[in-house]
Amino acid sequence: MDHRADTYIGGRWTESRGEDVIAVLDPSTGHCVATVRESAAEDVDAAVDAATAARPALRSMEPAARAALLTRIADELEKRSADLAGLISREMGMPRKHCEGYQVRTAVTTLRNTAAALPEVEFTTRIGHSTVYREPVGVVAAITPWNFPLLQTVAKVGPALAAGCPVVLKPSEITPLDAFVLAEAVHAAGAPAGAFNLVLGNGMNVGEYLVGHPGTAMVSLTGSTRAGRRVARLAAPGVKRVALELGGKSASVVLPDGDLAAAVAGSVRTVMINSGQTCTALTRLLVPFQKLAEAETLVAEAMAAYRVGMPHDPDADVGPLASAGQQQRVNEHLERAPVDGARTIWAHPPDKLPRTGFFAGPAAFTVTDPRIPLAQQEVFGPLLAVIPYVDETDAVDIANGTDYGLAAAVWSADEERALAVAGRLEAGSVAVNGAPFNGLAPFGGYKQSGHGRELGAYGIAEFTEVKSVQRREGAAR
Ligand code: NAD
């Protein structure tokens, strides 16, 4: 078992001074597989100081040099792919066979995409007699979740560095291990000392201290809406920039002429992969009333084809939930949904689940009242609500009828019609007819799914402050 007492601050490994340790549990067994010492307030202070000291070095790097740094970090991560895949599988439970692609390659690609997008950011533009500059916002506090721990982290660290901002990262206390590998990669890539710093601990103490720290100019959080509200409140006295990537309850809207089989396969996939612990999972499948019976049959077949098993089992498609808390949340919804009037379409037999660790679900329900918790709350587990609708207006109302607005999908044989519906959906990204994810397009939420955008040029621009400098017309240049 690994015991880490160190962390990475100011370009070197130093001992953490916190009194508590974080126990990292293997979600498939519930056993402790590593411990990590928490950061003390002095460690957070040292990390913010180191980041502050790195500002001039990062700022003076040309965009091309920053892009080259990101590419080197991507290369270093790629060299460590197999180790990272094993580590992430162990700390959060995704089947090992999926981790290299979904967890590591996506992170490497995100860094490379960020490097490629850098030339698109207009750091200097002219508006009449003004020159407008995009300048680095300052020290960034990056706070990240456990579901795609490395990917969500580089989606902040990459663009922040690209914009010239040093970062203090606090990864999730559930999955702190991969962040050590990221620190190694940043170091091996030759980042300026202090450009990237790591602090460890839970949200309440280390997270809140970092958010409220007078030395951080911006907080970028990916996590729950509950944490987003709290972080926004804590950042308010310092009038800090806050970017929030929060939860979702995304709708997959199948129009009457849509390809139902493709829609079911595509939507079920997002609910099963990573045990549904994906912020953009299409957890509400909206189908015309006339097609409900057909949809139910297809959903049952699609779900039953996924095999639940231990993460190391090469046949397993769906692993455990990442924590006991997640397991409890899924089980509570499983119990409550029928009481609220949901009808079970398909459910994995509970007695056939592995008996260790944090397994729960998967299941699908027909929900005729879209106001029930299963159809409103983010379960963050492998539960699907199939919701029938009367007509297109009803479908749009149901799709928009939650507090969230992260992602959506629309399916129709008539692309113009699908695009018109996409235009009426309150969601930050909409896929038409199963179009693939675009890692260069802006990503983020409407409503309580957050604000701010990640990825590509938009993601880099988030970490900049805009300054206009006016000159007298006709003055010598
Ligand atoms: P969480 O909110 O419990 O924790 C996320 C991070 O915030 C962790 O590092 C945690 O320690 C920290 N944190 C929690 N409370 C804090 C506080 N008061 N102050 C400072 N930091 C605090 O979320 P989670 O359970 O780790 O992740 C799951 C959530 O993340 C889901 O709601 C999911 O939808 C969301 N998510 C969103 C996106 C997106 O891009 N929109 C992506 C992935 C996950």
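Reply: Start with Ser 252, which counts as buried because its relative accessibility is 0%, under the 20% cut-off for that label. This is a predicted model, so take every value here as computed from it. Ser 252 sits in strand β13, which covers residues 251-254. Leaving out neighbours within four places in sequence, Ser 252 is in contact with Ser 267, Leu 282, Arg 284, Leu 285, Leu 286, Ala 409 and Trp 411.

Next, have a look at a helix pair. Helix α9 takes in residues 260-272 and helix α10 residues 292-304. Their axes come within 9 Å and cross at roughly 45°, which makes α9 oblique to α10. The crossing of α9 and α10 is right-handed. From α9, the contact uses Leu 260, Ala 261, Val 264, Val 268, Val 271 and Met 272. From α10, Glu 294, Ala 295, Leu 298, Val 299, Ala 302 and Met 303 take part. Sorted by type, the residues of this contact are 11 nonpolar, no polar and one charged.

Val 299 and Met 303 turn up again in the largest nonpolar core, which has 96 residues. Those two, along with Ile 73, Leu 77, Leu 182, Phe 196 and Leu 384, touch the most other members. Pick Leu 77 out of that group: beyond four places in sequence, Leu 77 is in contact with Leu 84, Val 108, Leu 111, Leu 150, Val 154, Val 181, Leu 182 and Ala 185.

The peptide bond from Gly 361 to Pro 362 is cis, with omega near -15°. Pro 362 is in the loop between β15 (343-347) and β16 (363-366). Val 239 has phi near 45°, a positive value in a residue other than glycine. You'll find Val 239 in the loop between α8 (225-235) and β12 (241-245), and Val 239 counts as exposed because its relative accessibility is 73%. Leu 455 also has a positive phi, near 80°, and is not a glycine either. Leu 455 is in the loop between β20 (450-451) and α15 (456-461), but Leu 455 is buried, with a relative accessible area of 10%.

Back in helix α8, look for Leu 234. Leu 234 is partly exposed, at a relative accessible area of 24%. Not counting residues up to four places away in sequence, Leu 234 touches Glu 208 and Val 211. His 213 is 21 residues from Leu 234 in sequence, and the C-alpha atoms of the two are 9.7 Å apart.

Last stop is Trp 13, in strand β3 (residues 12-15). Trp 13 is partly exposed, with a relative accessible area of 31%. Leaving aside residues up to four places away, Trp 13 touches Arg 4, Asp 6, Thr 7, Tyr 8, Phe 180, Ala 183 and Glu 184. For a sense of scale, Trp 13 and Gly 459 are 446 residues apart in sequence and 29 Å apart in space, C-alpha to C-alpha.

Definitions and conventions: Residues numbered from 1 in each chain as written. Predicted model: local features only at pLDDT ≥ 70, side-chain atom pairs only at ≥ 80, totals over all residues. Heavy atoms only, no water. Helix = DSSP H or I, 4+ residues; strand = E, 2+ residues; numbered from the N terminus. Buried < 20%, exposed > 50% of the residue type's maximum accessible area, 1.4 Å probe, protein only. Contact = heavy atoms within 4.5 Å. Core = buried A, V, L, I, M, F, W, Y, C linked by side-chain atoms within 4.5 Å. Axes fitted to C-alpha atoms, helices over the stretch in contact; angles between N-to-C directions. Parallel < 35°, antiparallel > 145°, perpendicular 65-115°, else oblique. Left-handed = near helix turned anticlockwise from the far one by under 90°. Nonpolar A, V, L, I, M, F, W, Y, C, P; charged D, E, K, R; others polar.
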